[in-house]
Amino acid sequence: MAAVLAIAFTAFGYQLRPFIHQHFPSHGDDPSPSASPSAVVSGDVPEAYLGSWRTTISNHDGKNTRSLVIKQGRIGDDVLILVADGPTGSDTYHCVFTAPLTAVSSGGGKLKLGPSTVTSGAPLSSCVPGSSTTLTVGNGHTLRRTNSDNGETLTYTR
């Protein structure tokens, strides 16, 4: 059973790898060319949410970037890929997360995402899965991501 799960998780990670590297090239550690991922043509995510978004967070260690991609999918699919980079005192961290779509409000004004899962990280100890969040598109150029646990909000731009 453990071998079957290991193979399944490896296959899932291998499927996401081209998509992640296409949108968020890492620090030059991928020698293979990026391939186009197979895309879902239709789904539950409104068009206004789709694409790449960025923000910066400042803390005592410096500036931390958050880059996310919202892709098309249905309820239950991982539609968010988040890359977090920043300093950790004398070093840096690089974390990649995914999160599933759990609900779309009537009219598509809000997307609810389940808790995020760490898909990779360096150092892995710097990468902590996140809580459920709600996404709201502002004027078409901003995206608000609100943490369901504490109400903390980050605003991303295209």
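Reply: A word of caution comes first: this is a predicted model, and over residues 1-37 the pLDDT stays under 50. For that stretch the model has 33 contacts beyond four places in sequence. Where pLDDT is low, predicted coordinates should not be read in detail. Helix α1, residues 2-23, has the lowest mean pLDDT among the elements of the chain, at 44, whereas β5 has the highest, at 98. Averaged over the chain, pLDDT is 82, and 74% of the residues score at least 70.

The overall arrangement is as follows. Of the 158 residues, 34% are buried. Among contacts between residues at least 6 apart in sequence, 40% join residues at least 24 apart. The chain exposes about 9000 Å², of which carbon and sulfur atoms supply 56%.

In soluble globular proteins, nonpolar side chains tend to be buried together. Here the largest nonpolar core has 22 residues, and the members that touch the most other members are V45, Y49, L68, I70 and L143. At least two residues of this core come from each of β2, β3 (78-88), β4 (91-104), β5 (111-113) and β7 (133-137). Strand β4 supplies the largest share, five residues.

Leaving aside residues up to four places away in sequence, V45 touches L50, I70, K71, Q72, G73, V79, L101 and L111. One of these partners, I70, is itself among the core members that touch the most others.

Strand β2, one of the contributors to the core, spans residues 62-70 and also contains S67. At 6% relative accessibility, S67 counts as buried because the cut-off for that class is under 20%. The side chain of S67 makes a polar contact with the side chain of R54, at 2.3 Å.

The peptide bond from A122 to P123 is cis, with omega near -10°. P123 lies in the loop between β6 (117-122) and β7, and β7 is one of the strands that each supply at least two residues of the core.

Conventions. Residues numbered from 1 in each chain as written. Predicted model: local features only at pLDDT ≥ 70, side-chain atom pairs only at ≥ 80, totals over all residues. Heavy atoms only, no water. Helix = DSSP H or I, 4+ residues; strand = E, 2+ residues; numbered from the N terminus. Buried < 20%, exposed > 50% of the residue type's maximum accessible area, 1.4 Å probe, protein only. Polar contact = N/O pair within 3.5 Å; in protein donor to acceptor, adjacent residues only side chain to side chain. Core = buried A, V, L, I, M, F, W, Y, C linked by side-chain atoms within 4.5 Å. Contact = heavy atoms within 4.5 Å. pLDDT = per-residue confidence, 0-100. Areas by Shrake-Rupley, 256 points an atom, 1.4 Å probe, with all protein chains shown as cover.
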